[in-house]
Amino acid sequence: MATVTPLFHISELTENSAKGLELNQRKLFAVSRQGQVYLYENRCPHKGIPLEWLPDTFLDTEKQYIQCSTHGALFTIDQGLCIAGPCSGASLTSVACEIIDGQVCIRE
């Protein structure tokens, strides 16, 4: 039977922002866009390194794309697909999440 693990309260993630987190040494990040929450593993498909510039800084300056801090690759927020950079065509690893009683949760 799957275990539901709450990650954070939805109020901690404002529209067009991102939040890094760690769950059992697994690095993840969440992005809020148009009322949806997208959750990904915090690992660039090109180098396997964390994406953020600074804590919770995963988006480009216009907040339109997820951006890798190392080589500037751009990923779509809704699919995690790399559209520019050395890993073009590759994707971030998506993690299924749901909102339960105001908490962003994953099932393990």
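Leaving aside its neighbours within four places in sequence, which residues is Thr76 in contact with? The legends below start there, and the model they describe is predicted.

**View 1. Thr76 and its contacts.**
Beyond four places in sequence, Thr76 touches Tyr40, Tyr65, Ile66, Leu81 and Ile83. Thr76 belongs to strand E6, which spans residues 74-76. Its relative accessibility is 17%. Thr76 therefore counts as buried, the cut-off being under 20%.

**View 2. The aromatic cluster around Phe29.**
How many aromatic pairs does a search of the whole structure find? The search finds two. Ring pairs join Phe29, Tyr40 and Phe58 into a cluster.

**View 3. The tilted pair, Phe29 and Tyr40.**
The ring centres of Phe29 and Tyr40 are 5.7 Å apart. Their planes meet at 35°, so this pair is tilted. Phe29 comes from strand E3 (residues 26-33), and Tyr40 from strand E4 (residues 36-41). The pair therefore ties together parts that are 11 residues apart in sequence. Phe29 is buried, with a relative accessible area of 0%. Tyr40 is buried too, at 1%.

**View 4. The stacked pair, Phe29 and Phe58.**
Here the ring centres of Phe29 and Phe58 lie 4.4 Å apart. The planes are at 5°, so the pair is stacked. Phe29 sits in strand E3, while Phe58 sits in the loop between E4 and strand E5 (65-67). The two residues are 29 residues apart, and their pair links distant parts of the chain. Are Phe29 and Phe58 buried or exposed? Both are buried.

**View 5. The largest nonpolar core and Val31.**
The largest nonpolar core has 16 residues. Which of them touch the most other members? They are Phe29, Val31, Leu51, Ile66, Phe75 and Leu92. Val31 has contacts beyond four places in sequence with Leu13, Ser17, Ala18, Gln36, Val37, Tyr38, Leu59, Ile66 and Ile77. In soluble globular proteins, nonpolar side chains tend to be buried together.

**View 6. The E3-E4 hairpin.**
Strands E3 and E4 pair in the antiparallel sense, over six bridges. Ser32 has Val37 in E4 as its bridge partner. The two strands form a hairpin with two residues between them. Which residue in the turn has a positive phi? Gln34 does, at about 50°.

**View 7. The open sheet E1-E9-E8.**
Three strands make up an open sheet in the order E1-E9-E8, paired antiparallel. Strand E1 (4-9) and strand E8 (98-100) are the edge strands, and each pairs on one side only. From one strand to the next, the twist averages 45°. E8 and strand E9 (residues 103-107) run antiparallel and are joined by three bridges. Ile99 has Val104 in E9 as its bridge partner.

**View 8. Lys19 over Phe8.**
Where does the charged end of Lys19 sit? It sits over the ring of Phe8. The distance to the ring centre is 5.7 Å.

Conventions. Residues numbered from 1 in each chain as written. Predicted model: local features only at pLDDT ≥ 70, side-chain atom pairs only at ≥ 80, totals over all residues. Heavy atoms only, no water. Helix = DSSP H or I, 4+ residues; strand = E, 2+ residues; numbered from the N terminus. Buried < 20%, exposed > 50% of the residue type's maximum accessible area, 1.4 Å probe, protein only. Contact = heavy atoms within 4.5 Å. Core = buried A, V, L, I, M, F, W, Y, C linked by side-chain atoms within 4.5 Å. Phe/Tyr/Trp six-rings, centres within 6.5 Å; stacked < 30°, edge-to-face > 60°. Lys NZ or Arg CZ within 6 Å of the ring centre and 35° of its normal. Pairing = 2+ DSSP bridges. Axes fitted to C-alpha atoms, helices over the stretch in contact; angles between N-to-C directions.
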